[in-house]
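Good morning, and thank you for making time for this presentation.

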Amino acid sequence: LITSAILGIGVFFAAFLVITLVFQVWFAGRIFPGVSIAGVPIGGLSPQQAAIKITTDVQYPQKGQILFQDHGKSWVATPAELGLFLDPEGSAKAAYALGRNSNLFANLIQQFGSLYYGRTISPVMIYDQRVTTMYLENIAAQTDLPAVEASIQLNGTDVIVKPGQTGRVLDKYTAMATIGIYIQNLQNAVIPLKIDVVKPAILDASQQADIARKILSQPLVISLPN
């Protein structure tokens, strides 16, 4: 019985080694089965073939939508317009490395895990925040208002009051942080823009204008000593 058990174990391991060896040879130079990038299956493809398929099928940078809103105004941008670009070669290389970049035991677990359960890998993206900054500056040119102090001017004896104006400044840093969260997770989004209010020191100069009018309505008296 002991001899039979040992023989059975030996046969099992021999069969396992043969199957593993055949599996490695069959997928040499190809991505292991069950692997996908952003939902796009690329198992069994070479890295070059996978890069082409990723370029064709991963359309989020070109077709995703990020909607910005501010008091009835809205702006729609694609992730590509905000500086997000797909790296298909890098994505294919990361997929090819699955099951190949660790020790033998860990590699086998990853290989057979992707075969039976599937494995989704996030695509490699390049995010240029300088492009995002330029896009937000274009929005700011439409939303920002300078703070203006109230003032009094004289036209002869007429007192002219120019009211102040409350300023508005787009919070670009908060917008950039919010954008980064969505596009790095390949999600569409509706982002209400955060606008900082800048109040002038003097918004209404009507009281000072009334004082000036009273002064101008009276005769001017000049007194000299002696």
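The protein chain has eight helices and 12 strands, where helices (H or I, at least four residues) and strands (E, at least two) are DSSP runs numbered from the N terminus. The radius of gyration is 35 Å, well over the 17 Å that the globule rule gives for 226 residues, so the chain is more spread out than a compact globule. That radius is taken over C-alpha atoms, and the globule rule is 2.2 Å times the number of residues to the power 0.38.

A word on provenance. This is a predicted model, in which local features need pLDDT of at least 70 and side-chain atom pairs count only at pLDDT 80 or more, while totals for chains, interfaces and linings use all residues. Residues are numbered from 1 along each chain as its sequence is written, and side-chain values use heavy atoms, with hydrogens and water left out.

Along the principal axes, the C-alpha atoms of the protein chain fill a box of roughly 135 × 40 × 30 Å. Of the 226 residues, 31% count as buried; buried means under 20% relative accessible area, exposed over 50%, and partly exposed in between, with a 1.4 Å probe and protein chains only. As for contacts (heavy atoms within 4.5 Å), 67% of those with a separation of 6 or more join residues 24 or more positions apart.

I turn now to P33 and S114. P33 is found in the loop between α1 (2–26) and β1 (35–37), and S114 has its place in helix α5 (residues 104–117). Are these residues buried or exposed? P33 is buried, with a relative accessible area of 15%, and S114 also counts as buried, at 2%. Leaving aside neighbours within four places in sequence, P33 is in contact with F23, F27, G43, G44, S114 and L115. With residues up to four places away likewise not counted, S114 touches F32, P33, G34, V35, L98 and R119.

Next, two aspartates in loops. D128 lies in the loop between β7 (125–127) and α6 (129–143). Its side chain makes a polar contact with the side chain of R130 at 3.0 Å. A polar contact is a pair of N or O atoms within 3.5 Å; within protein, one must be able to donate a hydrogen and the other to accept it, and residues adjacent in sequence count only if both atoms are side-chain atoms. Beyond its neighbours within four places in sequence, D128 is in contact with L82, G83 and F85. The C-alpha atoms of D128 and F85, 43 residues apart along the chain, are separated by 8.2 Å.

D171 is in the loop between β10 (167–170) and α7 (172–184). At 13% relative accessibility, D171 counts as buried. The side chain of D171 reaches the backbone nitrogen of Y173 at 3.3 Å, and, leaving aside neighbours within four places in sequence, D171 is in contact with K194 and D196.

Finally, backbone geometry. Most residues other than glycine have a negative phi. Phi of A38, however, is near 50°, a positive value. A38 sits in the loop between β1 and β2 (40–41) and counts as partly exposed, at 37% relative accessibility. Phi of H71 is near 50° and positive. H71 lies in the loop between β3 (66–70) and β4 (73–77), and is exposed, with a relative accessible area of 73%.
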